[in-house]
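Open the structure in your viewer and keep the selection tool at hand. We will go stop by stop.

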2 protein chains.
Amino acid sequence: MAVAPGTRRKPAEPRAYHHGALRNAMIAAAVALVEGGGAESVTVREAARRAGVSSGAPFRHFASKGALMTAVAEEGMAKLRASIAGKLAACASEHPLVRLLAVGDGYFAWAIAHPTHYRVVGDRTQIDFWGSEALVRDNGWIRSEMLALFARAEKDKLLRPCDLRVVHLQCRALAYGLARMLVDGHFREFDVSAKAAPDAMRGALRAFVLSLARDSAALTKALDAA
Amino acid sequence: MAVAPGTRRKPAEPRAYHHGALRNAMIAAAVALVEGGGAESVTVREAARRAGVSSGAPFRHFASKGALMTAVAEEGMAKLRASIAGKLAACASEHPLVRLLAVGDGYFAWAIAHPTHYRVVGDRTQIDFWGSEALVRDNGWIRSEMLALFARAEKDKLLRPCDLRVVHLQCRALAYGLARMLVDGHFREFDVSAKAAPDAMRGALRAFVLSLARDSAALTKALDAA
DNA sequence: CCTCCGAAGTAAGCATCGCTTACATGCCCA
DNA sequence: TGGGCATGTAAGCGATGCTTACTTCGGAGG
């Protein structure tokens, strides 16, 4: 039998007694369940079934179902951060407010693509947010990125007079509110249909940032250029 | 579903075989559980226990646990509407934007006072929102009330140029986002502590409405007067 | 190379859950 | 007065989260 050289064994064979990477397999299975049917349809037993282990095995790696869901949230938050970072990297403009909308684009894009997973990330009553270094770090990165853009916009005299702390909170709440309205099923009405939701969300955030700009015409131009 | 014309039986005695008002008792018990420990801690069996009936009895009145939770949401939505109506009635001013902030006050006041119940009302993935006449009606009332105020503000030339549909969505999303950030546990950070949350929420909404006003100084005055 | 220890699996079981079925009760009306 | 039907009970099914006692096996130390 070929023994793996130095690194880690792989479960290539039908499966030995030890799984080898159960923790990651459980997270992957739980994420798949979340994406497929929402957080309510996640079951430790079903995830264990999909990982090919007994129903007690997961508890060697997760103290509770909540700990598993926290890991699911960590994965989601990392993807959310990556989506934002991607849009930011793809943004040619250096205009802080243009880049701020790129943050919004990345945020909405991931929430729209993974609504049920996004709900797990957003709801801090079901997970141990403050106990997770990864969640605190990645969420902090998003916040500080926004804050830095606001600070630069103010330094560059791009904003009309305002309280930066208030504006920052407004921006966060507006983005969170729009995303949550989507994933909570508020967009099935005559005024904002499910199909029109993405455009409406982007439009609302764009209008907000435009209202912040000292020279909204110039910002409009910069946005159209980008 | 014929409604009895005259009086309904009351469970005055220690309890006969028939409860007499199980449906309402179940809703009350479920609401108490929601307020006490969140929606996750609601159990049909526990609610039945508190109502003093067997665990199968509730299913004579609710097709499923989801139907019970929908009834819980109906009660919450009615209270939310009443809270808004109260603030609106207590608002002396006729200025549409002042009254709009009164709507926000009523909305936030109830969400802050009943965070776990508010979550049930807001999450339309767990309840049969569109199947509930009461939910659709009361939620529609709130929306149309806001819309009417925006329309009047525009007619009275109180708004700076804007797309009313976009502004309406922004306002809804901002309020929903702020309330949900609260009930989802996002306000335990250094920038917005749990204690400062109510003020921050009102401040953010107020700043938003002020930014909409053509004459924000006049609106500030009207707000201080009210 | 062997041995043994502890990490990581299994099997079985507990209390509880949502929901169903078969049966019991008692109010209202013919 | 008698019967029908809404409403209750008791018992049970399959599933859940989590625990306990036992088993397996990989790798470090002698």
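Start in chain A. Select helix H3 (residues 65-90) and helix H5 (residues 115-122) of chain A: their axes come within 8 Å and cross at roughly 110°. Axes here are lines fitted to C-alpha atoms, for helices over the stretch in contact, and angles run from 0 to 180 degrees between N-to-C directions. That makes H3(A) roughly perpendicular to H5(A) (65 to 115 degrees). Helices are DSSP runs of H or I, at least four residues, numbered from the N terminus.

Now show the side chains. Met69(A), Val72(A), Ala73(A), Gly76(A), Met77(A) and Leu80(A) in H3(A) meet His117(A), Tyr118(A), Val120(A) and Val121(A) in H5(A). Contact means C-beta atoms, placed from the backbone, within 7 Å. By class, this contact has eight nonpolar, two polar and no charged residues. Nonpolar covers Ala, Val, Leu, Ile, Met, Phe, Trp, Tyr, Cys and Pro; charged covers Asp, Glu, Lys and Arg; the others, Gly among them, are polar.

A word on the model. It is predicted: local features need pLDDT of at least 70, side-chain atom pairs count only at pLDDT 80 or more, and totals for chains, interfaces and linings use all residues. Residues are numbered from 1 along each chain as its sequence is written, while chains are lettered from A and ligands numbered from 1 in the order in which they are written.

Color chain A by pLDDT, the predictor's confidence in each residue, from 0 to 100. The chain averages 92, and 92% of the residues score at least 70. Over residues 1-14 of chain A, pLDDT stays under 50. Where pLDDT is low, the predicted coordinates should not be read in detail.

Move to chain B and select helix H5 (residues 115-122). Seven of its eight residues are buried, so H5(B) is largely enclosed by the rest of the structure. Buried means 20 or more other C-beta atoms, placed from the backbone, within 10 Å of the residue's own. The buried residues pack against H1, H3, H4 and H7 of chain B.

Next, show both protein chains. Their contact takes 28 residues from chain A and 28 residues from chain B. H7(A) gives the most to chain A's side, with 11 residues.

Conventions. Buried ≥ 20, exposed ≤ 12 C-beta atoms within 10 Å, placed from the backbone. Helix = DSSP H or I, 4+ residues; strand = E, 2+ residues; numbered from the N terminus. Contact = placed C-beta atoms within 7 Å. Parallel < 35°, antiparallel > 145°, perpendicular 65-115°, else oblique.
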